[in-house]
Amino acid sequence: MLKNFRRFVSQEVFEFCKISIIGANGGVGRSLAQQLKQNNRFSEICLYDISCTKGLVTDLSHINTIPKVTGYSGAENLHEALRCCDILVLTGGQSHTPSITSREQMFEGNAKLMVHLIETLAKVSGKEGSQPHFHIVTNPVNSLVPLAAELLKKHGIYNPRRLSGCTKVDAMRAATFLAEYMAVDPRYVHVPVIGGHSEKSIVPLLSQSQPKFALDLETQIKLANRIINGGQEVVLAKNHQGAAQHSMGYCVAQFCDSVVSALQGVKNIQEVGFIPSEINELPYFACQFQLNREGIGGHQRLPPMLTFEIELYNRAKDDIRENIERAKEFMEKNKL
């Protein structure tokens with residue numbers, strides 16, 4: 001029986017893949033860690049936070065799945081969490097509080113966190129090191145992705161095919177809200193969402209949903225506004241005591257599964273995120289793209305849009321341009 005058991009387990013083990021979650025003790029980090037522990041494509045799930053991760057590591061380690069759970073805490077141990085990781089997810093940093101309600105207010109503190117994180121990653125990687133797939137969940141995504149790119153370039157380890165910001169939650173909300181309105185199974189509904197991850201840059205393209213639904217313009221605008229304000233809907237429901245955690249953890253876990261699957265050779269994987277792109281004149285934009293062993297393999301062209309969607313698209317470009325400029329100003333101000 002033991003021999004058969006070993007054979008069964010060996011069929012479940014894929015290539016070694018370590019994923020590191022920075023900010024694991026936060027709401028998104030804990031939700032993400034629990035879901036990744038159920039994914040046998042991962043060999044190691046490394047949990048890092050400034051505060052002690054021992055309790056979380058021990059708790060998750062009792063789940064009878066393949067991934068090994070390790071943990072580190074304290075600024076002095078960040079390098080151990082980053083060592084040899086294939087996927088790096090940033091969920092920590094300043095989030096919504098009663099006094100901090102906008103992504104712009106979060107930027108300064110989270111930008112400093114990014115500087116420290118990438119400086120440490122560069123030391124761990126060394127001159128010949130390669131960049132893990134770096135997925136940024138911490139807000140403001142529209143500014144932190146460009147900032148991360150510039151910092152990675154400075155340290156000589158930048159790979160644009162392995163950098164993304166989380167916008168999958170917006171696409172997930174779009175599918176959920178549309179399916180709810182049409183009273184259909186949300187698992188089989190897809191709505192392209194492009195732009196960025198802020199209220200002014202989220203562009204739901206309900207006109208391009210799959211399957212297509214006969215929606216009048218008023219309904220499309222109403223649904224689009226709910227998708228755009230989906231994050232705020234959660235914040236208000238929590239009375240400004242927090243933001244999306246479980247829904248965010250769920251969609252980030254799905255994204256990470258896509259990345260590890262691609263690393264392990266699965267073909268034709270489609271994803272969405274805020275990435276370095278050439279889809280328009282902006283250097284970064286959220287769009288649909290393919291994943292392969294090397295990372296982002298190519299993105300889809302912009303689909304046709306209705307007049308009100310074009311207005312949202314133009315607004316998004318203006319907002320993203322400002323967000324990118326904010327990252328550049330931070331670099332100049334801090335002489336980075």
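Residues are numbered from 1 along each chain as its sequence is written, and side-chain values use heavy atoms, with hydrogens and water left out. Because the model is predicted, local features need pLDDT of at least 70 and side-chain atom pairs count only at pLDDT 80 or more, while totals for chains, interfaces and linings use all residues.

Most peptide bonds are trans, and most residues other than glycine have a negative phi. The residues below are taken up with that background in mind.

Two cis peptide bonds may be considered together. The bond from Asn139 to Pro140 is cis, with omega near 0 degrees. Pro140 belongs to the loop between strand S5 (133–136) and helix H6 (141–154); here helices (H or I, at least four residues) and strands (E, at least two) are DSSP runs, numbered from the N terminus. Further along, Gln210 and Pro211 are joined by a cis peptide bond with omega of about -5 degrees. Pro211 is located in the loop between strand S8 (202–204) and helix H8 (217–228).

The next topic is phi. Cys84, a residue other than glycine, has a positive phi near 60 degrees. This cysteine lies in the loop that runs between helix H4 (78–82) and strand S4 (87–90). Cys84 counts as exposed, at 62% relative accessibility; buried means under 20% relative accessible area, exposed over 50%, and partly exposed in between (1.4 Å probe, protein chains only).

His240 likewise has a positive phi, near 60 degrees. The loop that holds His240 lies between helix H9 (230–237) and helix H10 (246–263). With a relative accessible area of 27%, His240 is partly exposed.
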